[in-house]
Amino acid sequence: MDHLTSVELAVAGNEASDLLPVHSKALLAAHGARHGFWTVLDEGPVEECLALLLEKDDHPGHWFAHHLSVLPGREAGRTEDGEALAYKDGWVYAIGSHFGSKAGPLRPRRAFFSRFREADAARGPVPIQIVRNQFRLHRAFNDALRAHGIDTLPPGERSQARFIVETTQRGTARGKRWTRRLAPGDHPVNVEAAAFTPAGTLLLGLRFPVTTAGEPILLEIDGVEAMFDDDARTWPEVAGVHVLTGVTPPGTLTGFRAITARPDGSFDAVIGSIDALNKGSILIDDHPHGGGVECRHVRFSLPHCHGEVVAELAPFRNVEGLAEIDGHPYYVTDEDHRIALWFA
(Lines give C-alpha, C1' and ligand atoms only; values in the text may rest on other atoms or scores of the structure.)
Protein backbone atom coordinates (compact mmCIF):
# COMPACT_ATOMS: atom_id res chain seq x y z
CA MET A 1 0.00 0.00 0.00
CA ASP A 2 3.02 2.27 -0.48
CA HIS A 3 1.24 4.08 -3.34
CA LEU A 4 -1.69 5.13 -1.14
CA THR A 5 -2.31 8.28 0.88
CA SER A 6 -3.83 8.14 4.36
CA VAL A 7 -5.79 10.45 6.61
CA GLU A 8 -6.23 9.82 10.33
CA LEU A 9 -9.57 10.43 11.99
CA ALA A 10 -10.87 9.97 15.52
CA VAL A 11 -14.30 8.79 16.66
CA ALA A 12 -14.83 8.13 20.37
CA GLY A 13 -11.25 6.88 20.74
CA ASN A 14 -12.15 3.70 18.89
CA GLU A 15 -11.03 1.58 15.92
CA ALA A 16 -13.02 1.11 12.72
CA SER A 17 -14.42 -2.05 11.20
CA ASP A 18 -15.65 -2.02 7.60
CA LEU A 19 -16.45 0.72 5.10
CA LEU A 20 -19.77 1.27 3.32
CA PRO A 21 -20.39 4.10 0.82
CA VAL A 22 -23.09 6.62 1.73
CA HIS A 23 -25.93 6.41 -0.78
CA SER A 24 -28.19 9.24 0.45
CA LYS A 25 -27.54 12.56 -1.30
CA ALA A 26 -29.61 14.31 1.37
CA LEU A 27 -27.34 12.93 4.08
CA LEU A 28 -24.21 14.11 2.27
CA ALA A 29 -25.75 17.54 1.71
CA ALA A 30 -26.69 17.82 5.39
CA HIS A 31 -22.98 17.53 6.25
CA GLY A 32 -21.64 19.54 3.33
CA ALA A 33 -19.90 16.45 2.01
CA ARG A 34 -19.13 15.28 -1.52
CA HIS A 35 -18.40 11.66 -0.55
CA GLY A 36 -18.75 9.59 2.54
CA PHE A 37 -18.55 6.19 4.17
CA TRP A 38 -20.23 4.49 7.07
CA THR A 39 -18.04 2.63 9.51
CA VAL A 40 -18.81 0.62 12.62
CA LEU A 41 -16.58 0.77 15.67
CA ASP A 42 -15.80 -2.57 17.26
CA GLU A 43 -15.89 -1.71 20.96
CA GLY A 44 -19.19 -1.12 22.73
CA PRO A 45 -22.89 -1.52 21.87
CA VAL A 46 -23.83 -0.92 18.25
CA GLU A 47 -25.86 2.21 19.05
CA GLU A 48 -22.65 3.87 20.27
CA CYS A 49 -20.48 2.63 17.43
CA LEU A 50 -21.82 4.00 14.14
CA ALA A 51 -19.96 6.81 12.43
CA LEU A 52 -19.61 8.68 9.16
CA LEU A 53 -16.30 9.43 7.46
CA LEU A 54 -16.92 12.38 5.15
CA GLU A 55 -15.00 14.37 2.54
CA LYS A 56 -15.86 18.07 2.58
CA ASP A 57 -17.58 19.33 -0.56
CA ASP A 58 -15.77 22.68 -0.54
CA HIS A 59 -12.39 21.24 0.50
CA PRO A 60 -11.61 18.15 -1.60
CA GLY A 61 -9.18 15.89 0.22
CA HIS A 62 -10.26 17.15 3.64
CA TRP A 63 -11.97 14.37 5.61
CA PHE A 64 -13.76 14.53 8.94
CA ALA A 65 -15.64 12.10 11.16
CA HIS A 66 -19.17 12.36 12.54
CA HIS A 67 -20.36 10.12 15.39
CA LEU A 68 -23.99 9.14 14.74
CA SER A 69 -26.64 9.74 17.42
CA VAL A 70 -28.84 6.63 17.66
CA LEU A 71 -32.09 5.63 19.42
CA PRO A 72 -31.73 1.89 20.21
CA GLY A 73 -34.98 1.16 22.07
CA ARG A 74 -35.27 -1.85 24.33
CA GLU A 75 -32.00 -3.46 23.15
CA ALA A 76 -29.88 -0.57 24.40
CA GLY A 77 -26.56 -1.76 25.78
CA ARG A 78 -27.16 -5.41 24.86
CA THR A 79 -24.85 -5.77 21.85
CA GLU A 80 -21.12 -5.54 21.15
CA ASP A 81 -18.48 -6.12 18.47
CA GLY A 82 -20.15 -4.82 15.33
CA GLU A 83 -18.01 -6.01 12.43
CA ALA A 84 -19.83 -5.80 9.09
CA LEU A 85 -21.96 -3.30 7.16
CA ALA A 86 -24.24 -3.76 4.15
CA TYR A 87 -26.78 -1.65 2.24
CA LYS A 88 -30.14 -2.54 0.70
CA ASP A 89 -33.20 -0.50 -0.32
CA GLY A 90 -32.32 2.53 1.78
CA TRP A 91 -31.35 0.53 4.88
CA VAL A 92 -27.89 0.31 6.40
CA TYR A 93 -27.31 -3.02 8.17
CA ALA A 94 -24.74 -3.42 10.96
CA ILE A 95 -23.93 -7.00 11.93
CA GLY A 96 -22.16 -8.46 14.94
CA SER A 97 -19.25 -10.87 14.75
CA HIS A 98 -21.27 -13.75 16.31
CA PHE A 99 -17.92 -14.67 17.87
CA GLY A 100 -16.25 -14.12 21.24
CA SER A 101 -13.09 -12.69 22.69
CA LYS A 102 -9.82 -14.05 21.31
CA ALA A 103 -9.57 -16.53 24.18
CA GLY A 104 -13.28 -17.40 24.24
CA PRO A 105 -15.99 -18.02 25.17
CA LEU A 106 -18.60 -17.10 22.55
CA ARG A 107 -20.71 -14.11 23.60
CA PRO A 108 -24.45 -13.91 22.80
CA ARG A 109 -24.20 -10.09 22.76
CA ARG A 110 -22.19 -10.42 19.55
CA ALA A 111 -24.85 -12.48 17.76
CA PHE A 112 -26.95 -9.61 16.42
CA PHE A 113 -28.25 -7.89 13.30
CA SER A 114 -29.32 -4.25 13.25
CA ARG A 115 -30.50 -1.76 10.67
CA PHE A 116 -31.55 1.87 10.25
CA ARG A 117 -32.84 4.00 7.40
CA GLU A 118 -29.90 5.90 5.97
CA ALA A 119 -31.97 8.98 5.07
CA ASP A 120 -32.99 9.36 8.74
CA ALA A 121 -29.38 10.19 9.58
CA ALA A 122 -29.80 13.55 7.82
CA ARG A 123 -32.42 14.69 10.34
CA GLY A 124 -31.20 13.90 13.85
CA PRO A 125 -31.11 10.93 16.23
CA VAL A 126 -31.70 7.77 14.23
CA PRO A 127 -34.05 4.95 15.33
CA ILE A 128 -32.28 1.62 14.93
CA GLN A 129 -33.79 -1.87 14.91
CA ILE A 130 -31.72 -4.47 16.76
CA VAL A 131 -32.36 -8.21 16.78
CA ARG A 132 -30.27 -10.62 18.82
CA ASN A 133 -30.52 -14.20 17.61
CA GLN A 134 -29.37 -16.17 20.67
CA PHE A 135 -27.05 -18.43 18.63
CA ARG A 136 -29.73 -19.38 16.10
CA LEU A 137 -27.42 -18.42 13.27
CA HIS A 138 -24.51 -20.22 14.91
CA ARG A 139 -26.58 -23.37 14.68
CA ALA A 140 -27.73 -22.67 11.12
CA PHE A 141 -24.19 -21.89 9.98
CA ASN A 142 -22.69 -25.04 11.46
CA ASP A 143 -25.49 -27.22 10.08
CA ALA A 144 -25.06 -25.68 6.63
CA LEU A 145 -21.30 -26.28 6.59
CA ARG A 146 -21.97 -29.97 7.25
CA ALA A 147 -24.94 -30.23 4.88
CA HIS A 148 -23.01 -28.69 1.97
CA GLY A 149 -20.05 -31.00 2.56
CA ILE A 150 -17.57 -28.18 3.10
CA ASP A 151 -14.21 -29.66 4.05
CA THR A 152 -13.58 -27.37 7.01
CA LEU A 153 -10.41 -27.24 9.05
CA PRO A 154 -11.16 -29.40 12.12
CA PRO A 155 -11.72 -27.44 15.35
CA GLY A 156 -8.61 -27.40 17.49
CA GLU A 157 -8.79 -28.85 20.98
CA ARG A 158 -8.27 -25.50 22.70
CA SER A 159 -10.74 -23.61 20.56
CA GLN A 160 -13.34 -26.36 21.03
CA ALA A 161 -12.87 -26.23 24.79
CA ARG A 162 -12.89 -22.45 25.13
CA PHE A 163 -15.49 -21.51 22.52
CA ILE A 164 -17.98 -24.37 22.56
CA VAL A 165 -17.62 -26.28 25.83
CA GLU A 166 -17.07 -23.25 28.06
CA THR A 167 -19.90 -21.28 26.38
CA THR A 168 -22.27 -24.19 26.94
CA GLN A 169 -21.22 -24.56 30.57
CA ARG A 170 -21.67 -20.85 31.28
CA GLY A 171 -25.08 -20.79 29.63
CA THR A 172 -26.23 -23.89 31.49
CA ALA A 173 -25.15 -22.41 34.83
CA ARG A 174 -27.26 -19.33 34.05
CA GLY A 175 -30.28 -21.29 32.83
CA LYS A 176 -30.01 -20.03 29.23
CA ARG A 177 -32.17 -21.81 26.70
CA TRP A 178 -29.75 -20.98 23.88
CA THR A 179 -27.37 -23.69 25.09
CA ARG A 180 -29.35 -26.24 23.05
CA ARG A 181 -28.11 -24.46 19.91
CA LEU A 182 -24.48 -25.35 20.67
CA ALA A 183 -23.15 -28.85 20.02
CA PRO A 184 -19.85 -30.72 20.44
CA GLY A 185 -17.74 -30.40 17.30
CA ASP A 186 -19.21 -27.03 16.31
CA HIS A 187 -16.97 -24.39 14.81
CA PRO A 188 -16.88 -20.97 16.44
CA VAL A 189 -18.13 -18.76 13.62
CA ASN A 190 -16.58 -15.30 13.15
CA VAL A 191 -18.55 -13.02 10.80
CA GLU A 192 -16.31 -10.26 9.50
CA ALA A 193 -17.84 -9.02 6.22
CA ALA A 194 -21.21 -8.64 4.49
CA ALA A 195 -22.75 -7.56 1.17
CA PHE A 196 -26.12 -8.06 -0.48
CA THR A 197 -26.26 -9.91 -3.80
CA PRO A 198 -28.27 -8.74 -6.83
CA ALA A 199 -30.80 -11.46 -5.92
CA GLY A 200 -31.35 -9.88 -2.49
CA THR A 201 -29.63 -12.53 -0.43
CA LEU A 202 -26.90 -11.53 2.01
CA LEU A 203 -23.34 -12.80 1.76
CA LEU A 204 -21.54 -13.15 5.07
CA GLY A 205 -17.78 -13.47 4.83
CA LEU A 206 -16.27 -15.59 7.58
CA ARG A 207 -12.89 -14.95 9.09
CA PHE A 208 -13.21 -18.38 10.65
CA PRO A 209 -13.73 -21.27 10.03
CA VAL A 210 -11.82 -21.91 6.82
CA THR A 211 -11.39 -24.99 4.66
CA THR A 212 -8.68 -27.57 5.18
CA ALA A 213 -6.91 -25.92 2.21
CA GLY A 214 -6.97 -22.66 4.16
CA GLU A 215 -9.49 -20.96 1.87
CA PRO A 216 -12.16 -18.52 3.10
CA ILE A 217 -15.85 -19.37 3.31
CA LEU A 218 -18.97 -17.37 2.41
CA LEU A 219 -22.41 -18.09 3.83
CA GLU A 220 -25.35 -16.84 1.77
CA ILE A 221 -28.52 -16.23 3.78
CA ASP A 222 -32.06 -15.39 2.70
CA GLY A 223 -34.91 -13.70 4.59
CA VAL A 224 -32.92 -11.07 6.47
CA GLU A 225 -35.72 -8.47 6.38
CA ALA A 226 -38.25 -10.77 8.04
CA MET A 227 -36.02 -11.01 11.08
CA PHE A 228 -37.00 -7.42 11.95
CA ASP A 229 -40.78 -8.03 11.91
CA ASP A 230 -41.72 -8.07 15.61
CA ASP A 231 -45.18 -9.49 14.89
CA ALA A 232 -44.18 -12.36 12.61
CA ARG A 233 -40.45 -12.77 13.10
CA THR A 234 -38.83 -15.53 11.11
CA TRP A 235 -35.14 -16.30 11.06
CA PRO A 236 -32.96 -16.28 7.93
CA GLU A 237 -32.16 -19.53 6.17
CA VAL A 238 -28.82 -20.45 4.65
CA ALA A 239 -29.31 -20.35 0.88
CA GLY A 240 -25.79 -21.39 -0.02
CA VAL A 241 -22.23 -21.95 1.12
CA HIS A 242 -19.33 -20.89 -1.10
CA VAL A 243 -15.56 -21.33 -0.92
CA LEU A 244 -13.39 -18.58 -2.41
CA THR A 245 -10.67 -20.37 -4.36
CA GLY A 246 -7.50 -19.26 -6.10
CA VAL A 247 -6.37 -16.41 -3.82
CA THR A 248 -5.00 -17.97 -0.63
CA PRO A 249 -1.17 -18.02 -0.51
CA PRO A 250 0.20 -21.58 -0.25
CA GLY A 251 0.75 -22.83 3.29
CA THR A 252 -1.48 -20.20 4.92
CA LEU A 253 -5.02 -19.85 6.22
CA THR A 254 -7.04 -16.84 5.06
CA GLY A 255 -10.39 -15.50 6.16
CA PHE A 256 -12.50 -12.59 4.99
CA ARG A 257 -11.78 -9.10 6.32
CA ALA A 258 -14.19 -7.11 4.13
CA ILE A 259 -16.59 -7.47 1.18
CA THR A 260 -18.13 -4.82 -1.07
CA ALA A 261 -20.64 -5.25 -3.89
CA ARG A 262 -19.68 -3.92 -7.34
CA PRO A 263 -22.09 -2.40 -9.89
CA ASP A 264 -21.65 -5.32 -12.30
CA GLY A 265 -22.80 -7.86 -9.71
CA SER A 266 -19.34 -9.07 -8.77
CA PHE A 267 -17.67 -8.51 -5.40
CA ASP A 268 -14.41 -7.13 -4.12
CA ALA A 269 -13.03 -8.42 -0.84
CA VAL A 270 -10.08 -8.24 1.50
CA ILE A 271 -8.70 -11.50 2.84
CA GLY A 272 -6.07 -11.99 5.52
CA SER A 273 -5.17 -13.84 8.69
CA ILE A 274 -7.76 -15.74 10.73
CA ASP A 275 -6.77 -13.69 13.80
CA ALA A 276 -4.11 -11.29 15.01
CA LEU A 277 -0.71 -12.39 16.26
CA ASN A 278 0.51 -11.80 19.81
CA LYS A 279 -2.92 -11.00 21.23
CA GLY A 280 -3.76 -14.21 23.03
CA SER A 281 -5.76 -15.80 20.22
CA ILE A 282 -6.78 -19.41 20.84
CA LEU A 283 -7.33 -19.85 17.08
CA ILE A 284 -3.71 -18.89 16.39
CA ASP A 285 -2.52 -21.18 19.18
CA ASP A 286 -4.32 -24.03 17.42
CA HIS A 287 -3.43 -22.94 13.88
CA PRO A 288 -0.16 -20.92 13.88
CA HIS A 289 -0.02 -20.72 10.07
CA GLY A 290 -3.26 -18.70 10.19
CA GLY A 291 -1.51 -15.66 11.67
CA GLY A 292 0.88 -13.15 10.17
CA VAL A 293 -0.82 -13.27 6.75
CA GLU A 294 -0.64 -10.01 4.81
CA CYS A 295 -3.90 -8.72 3.37
CA ARG A 296 -4.96 -9.06 -0.26
CA HIS A 297 -7.59 -7.19 -2.26
CA VAL A 298 -9.38 -9.81 -4.38
CA ARG A 299 -12.36 -9.99 -6.78
CA PHE A 300 -14.87 -12.77 -7.41
CA SER A 301 -18.31 -13.56 -8.79
CA LEU A 302 -21.01 -16.04 -7.85
CA PRO A 303 -21.70 -18.87 -8.31
CA HIS A 304 -18.20 -19.95 -9.35
CA CYS A 305 -16.40 -18.02 -6.61
CA HIS A 306 -12.93 -18.33 -8.12
CA GLY A 307 -11.04 -15.19 -7.18
CA GLU A 308 -8.38 -13.02 -8.75
CA VAL A 309 -5.91 -10.82 -6.90
CA VAL A 310 -6.54 -7.11 -7.54
CA ALA A 311 -3.82 -5.75 -5.24
CA GLU A 312 -1.33 -6.95 -2.67
CA LEU A 313 -1.85 -4.87 0.47
CA ALA A 314 1.49 -5.75 2.06
CA PRO A 315 2.83 -5.01 4.58
CA PHE A 316 -0.62 -4.51 6.13
CA ARG A 317 -2.22 -7.31 8.13
CA ASN A 318 -4.97 -5.15 9.62
CA VAL A 319 -7.16 -3.95 6.74
CA GLU A 320 -10.73 -3.94 8.08
CA GLY A 321 -12.77 -2.33 5.32
CA LEU A 322 -12.90 -1.83 1.57
CA ALA A 323 -15.15 0.35 -0.60
CA GLU A 324 -15.07 2.02 -4.00
CA ILE A 325 -16.05 5.50 -5.17
CA ASP A 326 -15.82 6.50 -8.84
CA GLY A 327 -13.67 3.47 -9.56
CA HIS A 328 -11.13 4.24 -6.83
CA PRO A 329 -10.60 1.85 -3.90
CA TYR A 330 -10.59 3.05 -0.30
CA TYR A 331 -9.41 1.00 2.67
CA VAL A 332 -9.65 1.39 6.42
CA THR A 333 -7.16 -0.18 8.81
CA ASP A 334 -7.55 -1.26 12.42
CA GLU A 335 -5.39 1.15 14.42
CA ASP A 336 -5.18 1.77 18.17
CA HIS A 337 -7.65 4.52 19.18
CA ARG A 338 -7.86 6.05 15.71
CA ILE A 339 -9.15 5.44 12.18
CA ALA A 340 -6.79 5.35 9.22
CA LEU A 341 -8.45 5.82 5.82
CA TRP A 342 -6.30 4.96 2.79
CA PHE A 343 -6.89 5.94 -0.86
CA ALA A 344 -5.05 6.63 -4.13
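Begin by selecting glutamine 134, which is partly exposed at a relative accessible area of 22% (buried means under 20% relative accessible area, exposed over 50%, and partly exposed in between, with a 1.4 Å probe and protein chains only). Glutamine 134 is located in the loop between strand 11 (129-132) and helix 2 (136-147); helices (H or I, at least four residues) and strands (E, at least two) are DSSP runs, numbered from the N terminus. Its backbone has a positive phi of about 50°, although the residue is not a glycine.

The model on display is predicted, so local features need pLDDT of at least 70 and side-chain atom pairs count only at pLDDT 80 or more, whereas totals for chains, interfaces and linings use all residues. Residues are numbered from 1 along each chain as its sequence is written, and side-chain values use heavy atoms, with hydrogens and water left out.

**Further backbone features**

Select cysteine 305 next, in the loop between strand 18 and strand 19. Cysteine 305 also is not a glycine and has a positive phi, of about 60°. Is this residue, cysteine 305, buried or exposed? Cysteine 305 is buried, with a relative accessible area of 1%. Most residues other than glycine have a negative phi, and most peptide bonds are trans.

Glycine 104 and proline 105 are joined by a cis peptide bond with omega about -5°; proline 105 belongs to the loop between strand 8 (91-96) and strand 9 (112-117). A cis bond also leads from alanine 314 to proline 315, with omega near 5°, and proline 315 sits in the loop between strand 19 and strand 20.

**A buried glutamate**

Move to glutamate 80, in the loop between strand 6 (70-71) and strand 7. Glutamate 80 counts as buried, at 15% relative accessibility. Display its side chain together with that of arginine 107: a polar contact of 2.3 Å joins the two. A polar contact is a pair of N or O atoms within 3.5 Å; within protein, one must be able to donate a hydrogen and the other to accept it, and residues adjacent in sequence count only if both atoms are side-chain atoms.

Strand 12 runs antiparallel to strand 13, joined by 6 bridges (two strands pair if DSSP finds at least two bridges between them). Alanine 194 has leucine 204 of strand 13 as its bridge partner.

Another open sheet of 4 strands has the order 16-17-18-19, with antiparallel pairing. Which strands stand at the edges of this sheet? Strand 16 and strand 19 (308-312) do, each with a single partner strand. Strand 17 and strand 18 (residues 296-300) pair antiparallel over 5 bridges, with histidine 297 in strand 18 as the bridge partner of valine 270.

**The second largest pocket**

Finally, select Leu20, Pro21, His23, Thr260 and Ala261, which lie nearest the centre of the second largest pocket among its 30 lining residues. On a 1 Å grid over the protein atoms alone, a pocket is an open set of points where a 1.4 Å probe fits, with protein on both sides within 12 Å along at least five of seven lines; lining residues have an atom within 4 Å of a point. Strand 7 gives the largest share of this lining, 4 residues.
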